Amino acid sequence: WGDCSVDKANTNGKKGKANVNKNHNRQRSTAGWLASFPVFEPHWQVTMADARASGTIQWKNKTYTFEDQPFYAEKNWGGAFPFSWYWAQCNAFEAPYNNNLAFTAGGGLREIPFGKTEELGMIGIHYNNTFYEAVPWTGDFEWNVSSWGTWEFTGRCTSGTRLFEAEMRAVCNPKEVPGVDLRAPTKFDGLVYFCRDSLLADVELSLWELQFDDKMKEYVRVGCIVDKARSRHGGVEVGGDLWKQRTNNEGNSGGVEGFIAYEAANEGHSQTSVFI
């Protein structure tokens with residue numbers, strides 16, 4: 001999570017290890033360094049945003065083999081997930097962005113000390129080993145997320161030396177891609193069905209360089225860095241109150257077993273994303 005140049009990564013320790021450029025920056029905290037304190041739960045860290053993996057997965061007496069496929073890993077820990085949250089991710093874009101672009105976006109409504117809550121969000125983009133991060137403390141971030149079907153994000157960084165604006169949209173046709181319900185940790189009920197995911201969202205992402213215009217007294221786009229990168233393999237999620245809005249209307253869509261079988265059945269696609 002940050003600027004980094006990795007020549008090749010192998011998830012099987014017996015066969016090899018990642019060859020990382022020694023000049024890369026240190027891993028950055030996904031949600032900022034303050035997120036490491038226990039008052040800001042849950043904790044969230046993206047550990048591999050755009051890796052490649054080879055190996056096998058065994059599921060219901062069937063073996064699925066994959067080689068050099070997009071791989072994403074993140075970690076959550078703490079007492080419970082937020083009251084409401086959303087998440088989107090993709091590192092399997094179509095050419096010419098198929099080997100050099102990845103993004104992760106997320107946010108929601110969480111509890112903070114003294115009985116208060118706060119609403120926040122962020123988007124992080126890796127492109128050609130350069131990291132673009134739009135967070136509340138370096139610019140602004142806007143989102144429009146439905147209970148299921150639409151994830152729209154606009155982020156701008158107007159602080160520091162890397163000024164940019166990014167727009168991302170992910171969509172799932174509820175009839176064709178209904179998603180599946182997954183378990184998540186809750187404050188009072190333990191691990192229960194509390195969110196819905198899919199790895200088959202249609203995604204479009206654009207990224208522009210920004211520059212301050214003295215005459216207009218505002219930041220304007222001066223160059224396109226990524227022009228409408230597309231994918232049909234986006235990961236999306238809604239949880240908490242957003243998930244409840246959907247399930248209250250149509251009922252439970254199946255459990256975690258349905259999720260694994262549903263995604264595995266689509267192995268015929270040109271790319272298979274591997275998530276942890």
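## Salt bridges

Aspartate 181 and arginine 196 form a salt bridge, their closest N and O atoms being 2.9 Å apart; the term requires a side-chain nitrogen of Lys or Arg within 4 Å of a carboxyl oxygen of Asp or Glu. The pair links distant parts of the chain, with aspartate 181 in strand S12 (residues 180–186) and arginine 196 in strand S13, 15 residues apart. Strands (E, at least two residues) are DSSP runs numbered from the N terminus. Both aspartate 181 and arginine 196 are buried, where buried means under 20% relative accessible area, exposed over 50% and partly exposed in between (1.4 Å probe, protein chains only). The model is predicted: local features need pLDDT of at least 70, side-chain atom pairs count only at pLDDT 80 or more, and totals for chains, interfaces and linings use all residues. Residues are numbered from 1 along each chain as its sequence is written, and side-chain values use heavy atoms, with hydrogens and water left out.

By the distance rule, the count comes to eight salt bridges. One of them joins glutamate 167 to arginine 221, with the closest N and O atoms 3.0 Å apart. Here too distant parts of the chain are linked: glutamate 167 lies in strand S11 (residues 164–171) and arginine 221 in strand S14 (residues 218–240), 54 residues apart. Glutamate 167 is partly exposed at 32% relative accessible area, and arginine 221 is partly exposed at 40%. Glu165 joins Glu167 and Arg221 in a network of salt bridges. Aspartate 50 and arginine 52 form another salt bridge, at 2.9 Å between the closest N and O atoms. Aspartate 50 is partly exposed, at 28%, whereas arginine 52 counts as buried, at 16%.

## Nonpolar cores

The largest nonpolar core has 35 residues. Such a core is a set of buried Ala, Val, Leu, Ile, Met, Phe, Trp, Tyr and Cys residues joined through side-chain atoms within 4.5 Å. The residues with the most contacts inside this core are Phe93, Leu101, Phe103, Ile125, Trp151, Phe153 and Met168. Strand S13 (residues 190–213) supplies the largest share of the core, five residues. A second, separate core has seven residues, among them Val46, Ala49, Tyr72 and Val135.

## Aromatic rings

A search of the whole structure finds 13 aromatic pairs. Rings of Phe, Tyr and Trp (its six-membered ring) pair if their centres lie within 6.5 Å; planes under 30 degrees apart count as stacked, over 60 as edge-to-face and the rest as tilted. Phenylalanine 141 and phenylalanine 153 are stacked, because their ring centres are 5.8 Å apart and their planes at 20 degrees. Phenylalanine 141 belongs to strand S9 (residues 139–145) and phenylalanine 153 to strand S10 (residues 150–157), twelve residues apart. Both of these phenylalanines are buried. Elsewhere, ring pairs link Phe81, Trp85, Phe194 and Trp243 into a cluster.

Charges also sit over rings, a term requiring NZ of Lys or CZ of Arg within 6 Å of the ring centre and within 35 degrees of the ring normal. The charged end of arginine 221 is 3.5 Å from the ring centre of tryptophan 208 and sits over that ring. Arginine 162 lies over the face of tyrosine 132, at 5.8 Å from the ring centre.

Tyrosine 127 stands opposite threonine 130 in S8. The two strands form a hairpin with two residues between them, and asparagine 128 in the turn has a positive phi of about 50 degrees. Strand S8 (residues 130–134) is largely enclosed by the rest of the structure, because four of its five residues are buried.

Notes
Pairing = 2+ DSSP bridges.
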